[in-house]
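Have a look at the sequence and the fold before reading on.

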Amino acid sequence: MVRDITIGQYYPAESRIHRLDPRVKIVCTLFFLISLFIQNSLLGYVVATIFLGAVIHLSKVPLKYIVKGLKPVVILLLFTVAMNLFLTRGGETLVHFWIFTITESGLRTSVFMAVRLMYLVAGSSIMTFTTTPNSLTDGIEKLLHPLNKVHVPVHEVAMMMSIALRFIPILLEETDKIMKAQMARGADFESGNLIQRAKAMIPILVPLFVSAFRRANDLAMAMEARCYHGGEGRTKMKPLKYHGRDRAAYLVTILYVVIIFVVGRFVPFRLWIF
């Protein structure tokens, strides 16, 4: 399960998506996530699927990496589907057993919610797979730069996000090493009920927290030794600049959002095959 977490990981490749400005990828990802909530029709999700599939193809990120990132949210996905399936009322009753009732509206809502959650994770994963942590930090700092006028410490916020993203793969690797060391000493993390599994995680959490605090202290000392005093007066070795491909990506994303909005609001298309 630890190896299935792909948040903060970067997949190096030579693709059109990799070459885009990080600001473009952040904004376009936000537009894609918003588009999943402004429509609720089958045709709209077909359009979203085509758009997401095209982006994954252009990014040259293997599909197995995208699917791998969905594994940690399987429990949340199943819980969300079950809650919407049995608690949503409306429409024709399809199945009724004891206290459980599945209606047409509940089935539609649960399917849409499951697809929406999977697309949320997949869309966010594409952004992190195709953007290095440094580029992502520079993009966030540049987008939030106007907030400096109201005394928001934008550089410090971006720096903390960059450090957090860098620490995620490191902590995952450290967790994997600790788990293997504990299993070599006879620890069992697979058998038993939920409470027993939670207790078995205690020997992992303690050294993991100790390692995390030690790394944080080493990083703080290294920053102080290099006379780091924040972002005031600092310049960029590679300043961000928009190119033609970035403007084209904005236009394509805006066109996609417009199509999604029109389909979700004005096209009376309902086709169900179950």
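Which residue forms a salt bridge with Asp21, and how far apart are the closest N and O atoms? The partner is Arg23, and the closest N and O atoms sit 3.0 Å apart. Keep in mind that this is a predicted model.

## Salt bridges

The Arg23 and Asp21 pair is tucked away: both residues are buried. A search through the whole structure turns up four salt bridges, and two others are worth a look here.

One of them joins the side chains of Glu174 and Arg215, at 3.2 Å from N to O. Glu174 belongs to helix H7 (residues 154-184) and Arg215 to helix H9 (residues 202-225), so this pair ties together parts that are 41 residues apart in sequence.

Another salt bridge brings together the side chains of Asp176 and Lys180, with 3.5 Å between N and O. This one stays inside helix H7, where the two residues are four apart, or about one turn of the helix. That spacing makes sense, because residues three or four places apart in an α-helix point the same way, given 3.6 residues a turn. Asp176 is buried at 18% relative accessibility, whereas Lys180 is partly exposed at 46%.

## Helix H1

Helix H1 covers residues 22-35, which makes 14 residues. From first C-alpha to last it reaches 20 Å, close to the 20 Å you'd expect at 1.5 Å a residue.

How much of H1 is buried? The count is 11 of its 14 residues, so the helix is largely enclosed by the rest of the structure. Arg23, the salt-bridge partner of Asp21, is one of the buried residues of H1, and others among them are Lys25, Ile26, Val27, Phe32 and Leu33.

Val258 is a handy example from the H10 side. With 45% relative accessibility, this valine counts as partly exposed.

## A positive patch

Which residues form the positive surface patch? They are Arg16, Arg19, Lys60 and Arg245. Arg245 lies in helix H10, which runs over residues 244-266, and is partly exposed at 40% relative accessibility.

Lys60, by contrast, is a loop residue, placed between helix H2 (42-59) and helix H3 (63-70). At 52% relative accessibility, Lys60 counts as exposed.

Lys60 has another thing going on: its phi is positive, about 60 degrees, although the residue is not a glycine.

Where does His151 sit? You'll find His151 in the loop between helix H6 (133-143) and H7. At 72% relative accessibility, His151 counts as exposed.

Methods. Residues are numbered from 1 along each chain as its sequence is written. This is a predicted model: local features need pLDDT of at least 70, side-chain atom pairs count only at pLDDT 80 or more; totals for chains, interfaces and linings use all residues. Side-chain values use heavy atoms; hydrogens and water are left out. Patches are made of residues with over 30% relative accessible area and no salt bridge: like charges are joined within 9 Å, nonpolar side chains (Val, Leu, Ile, Met, Phe, Trp, Tyr) within 5 Å. Accessible areas come from the Shrake-Rupley method with a 1.4 Å probe; for residues, only the protein chains shown count as cover. Lys and Arg count as positive and Asp and Glu as negative; His and the chain ends are not counted. The place of a charge is taken as NZ of Lys, CZ of Arg, CG of Asp or CD of Glu. Buried means under 20% relative accessible area, exposed over 50%, partly exposed in between (1.4 Å probe, protein chains only). The expected span of a helix is 1.5 Å times one less than its number of residues.
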